[in-house]
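Thanks, everyone. Please have a look at the model on the screen, and then I'll take you through it.

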Amino acid sequence: MAMKQTYYVSISGKRVEPEPSINDQLTVTATLEEIGELQLLLDQIQRDDEKTQFRAPIPYKSADHDEATDKFNEDIIKVYDAVYALGTKETKDHIREMNILPKLQNPDYNYPGYER
């Protein structure tokens, strides 16, 4: 069984660090494989972010009808979902307070995302 270690995730910085370094980090406990998968998700939102930057200077193109923005939004939810799954209690509490994960917005007992 792979050993889990503590890591610090900066979603805005799109990176995972073994040591805390900045204020916006979320703490997770994960294996190297899990961290590799999380980093792939962070790399994807970096690519998505770069695509949305091309649209930003176009004044007549609305972001609410932009495929790149929709893709970024979908992928950022995947990142927060992965961080939530690996997160410490404090990280989970923080993400719960953000109210961005659909699986936490409907805590029905039969709903797959239900937690207690």
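Q53 counts as exposed, because its relative accessibility is 52% (exposed is over 50%, buried under 20%, partly exposed in between, with a 1.4 Å probe and protein chains only). Q53 lies in helix α1, residues 32–55. The C-alpha atoms of Q53 and T69 are separated by 9.6 Å, with the two 16 residues apart along the chain.

A word on sources. This is a predicted model, where local features need pLDDT of at least 70, side-chain atom pairs count only at pLDDT 80 or more, and totals for chains, interfaces and linings use all residues. Residues are numbered from 1 along each chain as its sequence is written, and side-chain values use heavy atoms, leaving out hydrogens and water.

Now the strands. Helices (H or I, at least four residues) and strands (E, at least two) are DSSP runs, numbered from the N terminus. Two strands pair if DSSP finds at least two bridges between them. β1, residues 5–10, pairs with β3, residues 25–30, in the antiparallel sense over six bridges. Q5 stands opposite A30 in β3. β1 also pairs with β2, residues 15–17, antiparallel, over three bridges. There, S10 has R15 as its bridge partner. β1 and β2 form a hairpin with four residues between them. In that turn, K14 has a positive phi of about 55 degrees.

Which residues of α2 and α3 make the contact? From α2 (residues 67–86) and α3 (residues 89–98), they are Y80, V83, Y84 and A85 of α2, and T91, K92, I95, R96 and M98 of α3. Contact here means heavy atoms within 4.5 Å.

Key: Axes fitted to C-alpha atoms, helices over the stretch in contact; angles between N-to-C directions.
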